[in-house]
Amino acid sequence: MKNSFYDLNHSDLEMVLNQNDLNQSAAAILFNWHYKKKQNAQCCEKISKGSLAFFQHNFDFSLPEIDTVHESKDRTVKFLFKLNDHHKIETVLIPFHNKYSICLSSQVGCAMNCSFCFTGRQGLKRSLTTSEIVGQFLEAWRWLAKNRPGEERILNIVFMGQGEPLHNFDAVKKACEIFLSKHGTSIGVQKITVSTVGYLPGLKRWRREMPGVNLALSLHSPFAAKRNDLIPINKIYPLEEVLACIDTIPLNKKQFITYEYLLIKDFNDSPDDAEKLGTILAEKSAYINLIPFNSFPGAHYKRPELEKIGKFKEVLDTFKIPTLIRSAKGDDVLAACGQLNSKN
Ligand code: SAH
């Protein structure tokens with residue numbers, strides 16, 4: 001089987017050219033063609049016929065195919081992609097002022113088995129390759145160009161779809177390198193966010209291998225017993241160790257770590273929970289995202305009432321930690337956080 005062209009970052013591409021006695025300058029041209037112009041054909045005219053033939057002969061240029069598209073009333077778009085081996089994954093475009101954030105999946109299913117997450121119910125089928133990750137971006141962009149012309153502006157990338165991105169570190173890292181490349185999509189490093197449950201082996205690599213990329217931690221409870229219930233991997237990588245590791249990540253002046261906190265009715269939504277959360281985050285460069293629980297078929301948790309959510313935030317405000325209550329977008333088509341499951 002041929003290797004995918006879209007598994008190569010810019011320096012891999014230079015190396016391939018070099019090893020095959022082809023002109024290295026073709027790397028920038030090919031990146032520009034595929035990632036900036038987002039052309040899907042292999043017919044880039046600006047490189048030599050020899051180089052073009054070499055790539056056509058040796059590399060696979062296929063990408064995940066869009067299987068189904070759900071458009072929400074609020075203009076959120078959920079894509080179901082079909083992969084080469086017929087597994088399916090989901091990707092969501094979240095609109096803001098005619099621009100978009102894209103929520104990418106990193107795995108088919110997920111091994112973390114969090115009790116509140118629809119994806120976790122599937123178990124882990126397999127991790128995605130880099131080409132399947134960048135493919136979600138390219139195909140979503142092309143869909144916008146065709147269906148919402150003039151709106152094909154995807155300015156933020158968040159790894160908050162299906163899967164635990166740090167459990168697929170190498171492929172996610174390479175996808176980020178491709179997104180960041182100045183020869184291609186040239187997405188700013190501050191515009192990429194990777195969300196994790198606190199998968200410590202990945203976090204330990206973060207500082208050296210993902211400099212500048214934004215990190216979000218799904219915290220969900222400051223209390224060990226409750227966090228164990230929600231995120232079973234907390235028993236192996238406890239929150240204290242995770243937070244200590246995150247504290248060693250250098251941040252630039254305006255950068256924060258985002259702490260995501262899922263609010264579940266009568267479980268982790270009391271003023272005591274908020275007080276403890278505020279206490280452990282007070283001294284950090286923290287930004288809190290409160291995510292009221294989004295329901296899905298078979299869920300046994302509930303979302304707290306608005307008033308309770310407001311009270312929770314009031315407690316956090318006393319710690320002067322910037323806190324945002326995240327509004328659910330796309331929940332009419334099961335595209336909101338935690339509602340992604342490959343069968344829809
Ligand atoms: N595995 C990573 C990436 C997935 S991100 C992580 O957990 O961080 C998905 C985000 O949606 C996480 O913050 C997750 O906790 C949250 N989420 C999962 N299920 C949810 C649900 N039912 N309602 C609201 N948010 C949910």
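**Questions on a predicted model**

Biologist: Why does Cys43 count as partly exposed?

Modeller: The relative accessibility of Cys43 is 41%. Buried means under 20% and exposed means over 50%, so a value in between is called partly exposed. Therefore Cys43 is partly exposed. Bear in mind that this is a predicted model.

Biologist: Where is Cys43, and what does it touch?

Modeller: Cys43 sits in the loop between α2 and α3. Setting aside residues up to four places away in sequence, Cys43 touches Trp33 and Leu52. Cys43 and Trp33 are 10 residues apart in sequence, and their C-alpha atoms are 9.4 Å apart in space.

Biologist: What is known about Lys38, and why is it called buried?

Modeller: Lys38 is also placed in the loop between α2 and α3. Its phi is positive, about 55°, although Lys38 is not a glycine. The relative accessible area of Lys38 is 12%, which is under 20%, so the residue is buried.

Biologist: Why is Asn113 called partly exposed?

Modeller: Asn113 has a relative accessible area of 47%, between the limits of 20% and 50%, so it is partly exposed. Asn113 lies in the loop between β7 (107–109) and β8 (124–127). Asn113 has a positive phi of about 55° although it is not a glycine.

Biologist: Are Cys103 and Cys176 buried or exposed?

Modeller: Cys103 has a relative accessibility of 8%, and Cys176 has 1%. Buried means under 20%, so both residues count as buried.

Biologist: What does Met160 contact, and where is it found?

Modeller: Met160 is in the loop between β9 (154–159) and α5 (169–180). Leaving aside neighbours within four places in sequence, its contacts include Cys103, Leu104 and Thr193. Met160 and Cys103 are 57 residues apart in sequence, yet 5.6 Å apart in space, C-alpha to C-alpha.

Biologist: Why is Thr193 called buried?

Modeller: Thr193 has a relative accessible area of 14%, which is under 20%, so it is buried. Thr193 lies in strand β10 (residues 192–196). Not counting residues up to four places away in sequence, Thr193 touches several residues, among them Ile157, Met160 and Ala216.

Biologist: Which residues of helix α3 are buried, and how do you know which side they are on?

Modeller: In α3 (residues 49–58), the buried residues are Ser51, Leu52, Phe54 and Phe55. They cover an arc of only 160° around the axis, so they are on the same side of α3. Lys49 and His57 are exposed on the other side. The cover over the buried residues includes α1 (10–19), α2 (26–36) and β2 (59–60).

Biologist: What makes up the lining of the second largest pocket?

Modeller: Its lining has 17 residues, and Asp60, Asn84, Thr129, Ser131 and Glu132 lie nearest the centre. The elements that give two or more residues to this lining are β1 (3–4) and α4 (130–147). The lining of the second largest pocket divides into four nonpolar, six polar and seven charged residues. About 260 Å³ of space lies in the second largest pocket.

Key:
Residues are numbered from 1 along each chain as its sequence is written. This is a predicted model: local features need pLDDT of at least 70, side-chain atom pairs count only at pLDDT 80 or more; totals for chains, interfaces and linings use all residues. Side-chain values use heavy atoms; hydrogens and water are left out. Buried means under 20% relative accessible area, exposed over 50%, partly exposed in between (1.4 Å probe, protein chains only). Helices (H or I, at least four residues) and strands (E, at least two) are DSSP runs, numbered from the N terminus. Contact means heavy atoms within 4.5 Å. On a 1 Å grid over the protein atoms alone, a cavity is a set of points where a 1.4 Å probe fits but cannot get out, and a pocket is an open set with protein on both sides within 12 Å along at least five of seven lines; lining residues have an atom within 4 Å of a point. Grid points are joined across faces, edges and corners, and a volume is the space filled by probe spheres set on the points. Ala, Val, Leu, Ile, Met, Phe, Trp, Tyr, Cys and Pro count as nonpolar, Asp, Glu, Lys and Arg as charged, and the others, Gly among them, as polar. The arc is that of the directions from the helix axis to the C-beta atoms.
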